[in-house]
Amino acid sequence: MNIIKHVKRGLWNHLMKSGIEMGLASIIYEVGVASKYVNHAMRTGDLGLAGTSNLYGEDQLALDVLADEIIKDRLDHTGRVSRIISEEQSEIIIFDRKSKAGGYSVCYDPLDGSSLVDVNLSVGTIVAIYAGDDPLQSGRHQVGAMYVVYGPRTTLVYGAGNGVHEFTLNSLGEYVLTREYLTVKKQGNIYSPGGVRCDYSLEHEKFVKKLEDEGYKLRYSGGFVPDINQILLKGGGLFMYPGTATAKHGKLRLPFELNPMAYLMEAVGGAATDGRRAILDLDCYDIDQRSPVYIGSRDEVELAAKFFAGDMK
Ligand code: AHM
Ligand code: MG
């Protein structure tokens with residue numbers, strides 16, 4: 001291994017060379033640090049549920065609760081974050097200090113798809129970053145977003161107005177640049193459909209049938225982060241989780257699941273809609289707010305919107 005080359009391609013070097021504001025850079029970097037601990041806990045810990053004991057009778061935190069604690073602590077450590085929203089918390093958390101000038105708010109899902117850990121499928125951490133003290137804003141105001149995939153490899157993808165880049169955790173515990181300036185094609189050939197088919201709306205059913213008739217390949221892991229990562233890294237495709245008869249607004253949460261992924265998808269040339277409006281333009285007023293989503297290559301996202309507008313039969 002060429003150590004110097006690896007140091008030069010590290011996450012911090014990349015953030016600095018990209019000219020990202022120091023506070024924003026330190027948030028992205030510290031989430032990266034936190035993810036190494038999450039990764040370690042996931043790969044070495046006993047399986048168990050919150051409030052139960054492990055094999056040795058010790059109290060044990062569920063991985064998603066532990067991941068939440070780790071990330072919260074590292075965000076606090078930056079000294080640049082005033083408020084956070086986490087999928088594991090029911091309220092906005094205010095850090096015990098006055099936000100410094102140029103401070104940030106962060107929305108995050110510490111371990112999305114955590115139930116997949118026990119069956120050894122990939123899961124992830126998702127993060128949205130806003131300038132100032134308001135974490136509940138429309139996604140269009142994000143100044144950066146990132147996610148980490150805990151899979152066969154651990155990878156980190158971030159964007160902060162300077163393109164979207166992928167890093168891979170190496171054996172020295174450092175995130176090293178693996179792919180820079182990711183892009184997705186206007187049209188892809190894979191689709192990831194969430195939800196239960198018998199609950200589909202008529203429009204959604206017709207849209208899915210159209211994709212199937214056109215030969216799109218089914219690629220659905222049940223983990224939002226690896227499914228989106230596949231589209232980003234393969235350079236195209238569509239992920240969707242529709243509103244259904246039983247859940248009008250779908251399943252996925254706007255503040256810490258959809259907004260950050262929509263930010264990254266737009267930054268690589270893709271798009272994201274709820275079927276009618278761009279995800280990033282939706283008002284965000286509730287921690288638990290959900291929305292249907294169609295996210296990926298632009299052609300497929302536009303086609304979905306046409307079905308909802310009644311322009312396609
Ligand atoms: P979670 O936030 O409770 O982990 O749920 C989110 C996950 C996503 O990763 C995934 O896209 C979706 O739920 C899958 O839902 P379903 O099991 O209905 O297909
Ligand atoms: Mg989640």
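**View 1. The magnesium ion (ligand 2) and the residues that coordinate it in this predicted model.** Four side chains, those of Glu-87 (OE), Asp-109 (OD), Asp-112 (OD) and Glu-257 (OE), coordinate the magnesium ion (ligand 2) at 1.9 to 2.2 Å, where donors are N, O and S atoms within 2.8 Å of the metal (3.2 Å for Na, K and Ca), and where sites may look incomplete because water is not among the atoms. Along the chain, the donors of this ion follow the spacing E-x21-D-x2-D-x144-E. Asp-109 belongs to strand 5 (residues 104-112) and Glu-257 to helix 7 (residues 254-267), so this pair ties together parts that are 148 residues apart in sequence; here helices (H or I, at least four residues) and strands (E, at least two) are DSSP runs, numbered from the N terminus. Asp-109 counts as buried at 1% relative accessibility, and Glu-257 is likewise buried, with a relative accessible area of 2%; buried means under 20% relative accessible area, exposed over 50%, and partly exposed in between (1.4 Å probe, protein chains only). Residues are numbered from 1 along each chain as its sequence is written, while chains are lettered from A and ligands numbered from 1 in the order in which they are written. Because the model is predicted, local features need pLDDT of at least 70 and side-chain atom pairs count only at pLDDT 80 or more, whereas totals for chains, interfaces and linings use all residues, and side-chain values use heavy atoms, with hydrogens and water left out.

**View 2. Helix 7 and its packing against helix 6.** Just after helix 7, Gly-269 takes a positive phi of about 100°. Helix 6 (residues 224-234) packs against helix 7 at an angle of about 10°, with their axes 12 Å apart, the axes being lines fitted to C-alpha atoms, for helices over the stretch in contact, and the angles running from 0 to 180 degrees between N-to-C directions. The two helices are therefore roughly parallel to each other, since angles under 35 degrees count as roughly parallel, over 145 as roughly antiparallel, 65 to 115 as roughly perpendicular and the rest as oblique. Phe-224, Val-225, Ile-228, Ile-231 and Leu-232 in helix 6 meet Glu-257, Leu-258, Met-261 and Met-265 in helix 7, contact meaning heavy atoms within 4.5 Å.

**View 3. Helix 3 and helix 4 where they cross.** The axes of helix 3 (residues 22-44) and helix 4 (residues 63-77) come within 9 Å and cross at roughly 150°, and the two helices are therefore roughly antiparallel to each other. Residues of helix 3 in this contact include Ile-27, Val-31 and Ala-34, and those of helix 4 include Leu-66, Ile-70 and Arg-74. Leu-66, found in helix 4, counts as partly exposed at 25% relative accessibility. The C-alpha atoms of Leu-66 and Asp-109, which are 43 residues apart along the chain, are separated by 12 Å.

**View 4. Helix 5 and helix 8 where they cross.** The axes of helix 5 (residues 202-213) and helix 8 (residues 298-308) come within 9 Å and cross at roughly 140°, which makes helix 5 oblique to helix 8. The contact includes Phe-207 and Leu-211 of helix 5, together with Leu-303 and Phe-307 of helix 8.
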